[in-house]
Amino acid sequence: MKKAIKILALICALVLTVTCFAGCGKKASDLEAVKDAGKLVVGVTVYPPMDYLDENGEWTGFDAELAKMFAEKLGVNCQIVIINWGNKVAELNSKQIDLVWNGMTASDELGEQIDFSVSYAKNAQVAVVKKGSTLTADGVAAAKIAVENGSAGATVAEETIKGTSINKVTAMVDALGEVLAGTSDVAIIDITMAQSVVGKGAYADLQILDGASYGDEIFAVGLRKDSDLKAELDAFLKAKYADGTLTGLAEKYSVGLNTEALK
């Protein structure tokens, strides 16, 4: 009898050990964490027309509107916070934010560190100069170039243009500010942003440089590796394309959709 009890005790101990290891090895659910917290924290930079503050100090834009809709679908509040773009991976992986939703280029290099949602928009890089500038597309490499640190524009400046003087700043609006101030000759930024702000308001003295367009890119939302938010987010984006919401936002904010991926 004692022998049988010992065997039973050993079996129970083994079952408990296996259960413990299984539980410890289970990846934490981002979806459950967001719902438990009651909020979806979205990391952005000031980037019209994707994410920017309106006259009332409220976040708006193509991405901001979508992020708020997604949070509503999850039954939580949407908290949009400004991040340092060069630290976006660290912010995401340290769980300071849940998503990077800011007209982010889904590059292969970045994809080694984080996951992407289905691509929802298209983009390219362009050069922006002051009106009256004598700079030509052929001369950009030798000019003083301003770029957002960690951006696709920075990659283009370094690897495609092979610029000899590259000034890395915190955000694309800062790169435009460098050109306005005359501390840089040209800024390499997203065409999505350039078409939205260049030649208007505070940027009325700027223009897109003819013949200086670089590459084709796609935008996607950034998530932690293997996040269970991805399935929810992909389904949401495709549903919003199917019901016409994305098309309406694209027309409102002059954003080119990646329709092939959204079908």
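Here is a quick tour of this structure, from the overall fold down to a few local spots. The model is a predicted one. The protein chain has 263 residues, and 46% of them count as buried. Its secondary structure runs to eleven helices and eleven strands.

**Overall picture**

- Take the contacts between residues at least 6 apart in sequence: 72% of these join residues at least 24 apart.
- The chain's accessible surface is about 13000 Å², and carbon and sulfur atoms account for 53% of that.

**Nonpolar cores**

- In soluble globular proteins, nonpolar side chains tend to be buried together.
- Here, the largest nonpolar core holds 54 residues, and the members touching the most others are F62, W101 and Y120.
- Helix α3, spanning residues 62-74, is the top contributor to this core, giving seven residues.
- There's also a second, separate core with 16 residues, among them A127, L135, V147 and V186.

**Strand β7 and its neighbours**

- Strand β7 covers residues 121-130 and is mostly tucked away, with eight of its ten residues buried.
- On one side, β7 pairs with strand β11 (residues 206-223) in the antiparallel sense, over eight bridges.
- Within that pairing, V129 sits opposite Q207 of β11, while N123 sits opposite E217 of β11.
- β7 also pairs with strand β10 (residues 186-190), again in the antiparallel sense, this time over four bridges.
- For the β10 pairing, V128 faces A187 as its opposite number.

**Other partners of β11**

- Strand β5 (residues 99-105) pairs with β11 in the antiparallel sense, through three bridges.
- Strand β6 (residues 115-116) is joined to β11 by two bridges, and this pair runs antiparallel too.
- What is the bridge partner of V100 in β11? That would be G222, and G222 is also the bridge partner of F116.

**Helix α3 against helix α9**

- Two packed helices are described by the angle between their axes and the distance between the axes.
- For α3 and helix α9 (residues 229-242), the angle is about 115 degrees and the axes lie 11 Å apart.
- The crossing of α3 and α9 is right-handed.
- On the α3 side, the contacts come from L66, M69, F70, K73 and L74.
- Those residues meet L229, E232, L233, F236, L237 and K240 on the α9 side.

- The buried residues in α7 (172-181) are M172, V173, A175, L176, E178 and V179.
- They pack against a whole set of elements: β7, β8 (144-148), β9 (165-169), β10, α8 (191-197) and β11.
- S184 lies in the loop that links α7 to β10.
- Is S184 buried or exposed? S184 counts as buried because its relative accessibility is 4%, and the cut-off for buried is under 20%.
- Leaving aside residues up to four places away in sequence, S184 touches K144, I145, A146, N167, E178 and V179.
- Two of those contacts, E178 and V179, are themselves among the buried residues of α7.

Definitions and conventions. Residues are numbered from 1 along each chain as its sequence is written. This is a predicted model: local features need pLDDT of at least 70, side-chain atom pairs count only at pLDDT 80 or more; totals for chains, interfaces and linings use all residues. Side-chain values use heavy atoms; hydrogens and water are left out. Buried means under 20% relative accessible area, exposed over 50%, partly exposed in between (1.4 Å probe, protein chains only). Contact means heavy atoms within 4.5 Å. Accessible areas come from the Shrake-Rupley method with a 1.4 Å probe; for residues, only the protein chains shown count as cover. A nonpolar core is a set of buried Ala, Val, Leu, Ile, Met, Phe, Trp, Tyr and Cys residues joined through side-chain atoms within 4.5 Å. Two strands pair if DSSP finds at least two bridges between them. Axes are lines fitted to C-alpha atoms, for helices over the stretch in contact, and angles run from 0 to 180 degrees between N-to-C directions. A crossing is left-handed if the near helix is turned anticlockwise from the far one by less than a right angle, and right-handed if clockwise.
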